[in-house]
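Please consult the sequence and the structure below while reading.

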Amino acid sequence: MDGTPAITIAKLSKRYRGSRSLALDRLSLEVNSGEVYGFLGANGAGKSTTIRTLANFIQPTSGSASILGHDIVTDSVAAKRHIGYLPGDVALYPKVTGKQFFAYMLELQPPKHKEYLAELVRRFDVDLHKPLDALSKGNRQKVGLLQAFVHEPEVLILDEPTSGLDPLMQEEFFKLIAECKQRGAAVFFSSHNLSEAQRICDRVGIIKEGKLIREQTIDDSSSLGQPIFRVTFAGDIPTRLDSVPQLKIISKADAYTVIIQPKGTIAEALAALSKYDIREFSSQKIDLENEFLEFYGDKS
């Protein structure tokens, strides 16, 4: 499957029965092998719906998606062979022990390396001898993580994977993600933690009301870490500001205020802005939190 994206989502839409609005609205994106993709959005934006659709727990209304070329609906059995999946709310067999749980799970999908489970148990300090319903939320989360990773899948689909983990376990999770990337696995995960996403992702997508409204590459040459200007004009935002070649309009905070990034040098951008009547001006460096809040309407 050389050259085939690990995850392909094409104009995927989902409308739940009885709802007038779309939970997903023509969502399209790709994730490549060896790439970590963070999927960001507020509660209700469509993150979990996307993940549950990819895992074929719910059916799309229209559009398509595939895992390593296998359609999630028409070829779901083959697609699932390549997936490690962690739901947002981990539900485990309550009365069995961790040892019994993994004995069953590894019968369903044998691991590539038999000793890998013992390594993960040691790294995440998992108690396999207690019934799963006797574990704390954080320890149940660790069991959920292990079942997603233990068979070393080519594609990992994770919904809020660090929820309930203490800082030490979060660090171990970050190391595990780096190892999966190194061996060529694709990782697609949702998160509310913007600093976490900026730390471990190659790219992020921001979803709002079921629509992908922004994709951002995270590397040394990306716009993250570059200066941005918050400019409030004396009157309405100039109508032709978005056509000024020295300026990139990131978003409009209100009728008078715009967030701008220089396309060239800072001096060129300031020279272009000097032609307008400006009431307030501030400069800062852009990061994921800036982008997220701008797109979600934070005007503070």
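In this predicted model, Tyr37 counts as buried because its relative accessibility is 0%, which lies under the 20% cut-off. Phe188 likewise has 0% relative accessibility and therefore counts as buried. The chain holds 10 aromatic pairs in total, and Tyr37 and Phe188 form one that is stacked.

**The pair of Tyr37 and Phe188**

- The ring centres of Tyr37 and Phe188 lie 5.7 Å apart, with 15 degrees between the planes.
- This pair links distant parts of the chain, as Tyr37 and Phe188 are 151 residues apart.
- Tyr37 belongs to strand 3 (residues 36–40), while Phe188 belongs to strand 8 (residues 186–191).

**The pair of Phe149 and Phe173**

- Phe149 and Phe173 form an edge-to-face aromatic pair, at 6.4 Å centre to centre and 90 degrees between the planes.
- This pair also links distant parts of the chain: Phe149 lies in helix 5 (residues 137–149) and Phe173 in helix 6 (residues 167–182).
- Phe149 and Phe173 are 24 residues apart.
- Both Phe149 and Phe173 are buried.

**A cluster of rings**

- Tyr93, Phe101, Phe102 and Tyr104 are joined into a cluster by ring pairs.

**A charge over a ring**

- Lys80 places its charged end over the ring of Phe57.
- The distance from the charged end of Lys80 to the centre of the Phe57 ring is 5.5 Å.

Key: Residues numbered from 1 in each chain as written. Predicted model: local features only at pLDDT ≥ 70, side-chain atom pairs only at ≥ 80, totals over all residues. Heavy atoms only, no water. Phe/Tyr/Trp six-rings, centres within 6.5 Å; stacked < 30°, edge-to-face > 60°. Helix = DSSP H or I, 4+ residues; strand = E, 2+ residues; numbered from the N terminus. Buried < 20%, exposed > 50% of the residue type's maximum accessible area, 1.4 Å probe, protein only. Lys NZ or Arg CZ within 6 Å of the ring centre and 35° of its normal.
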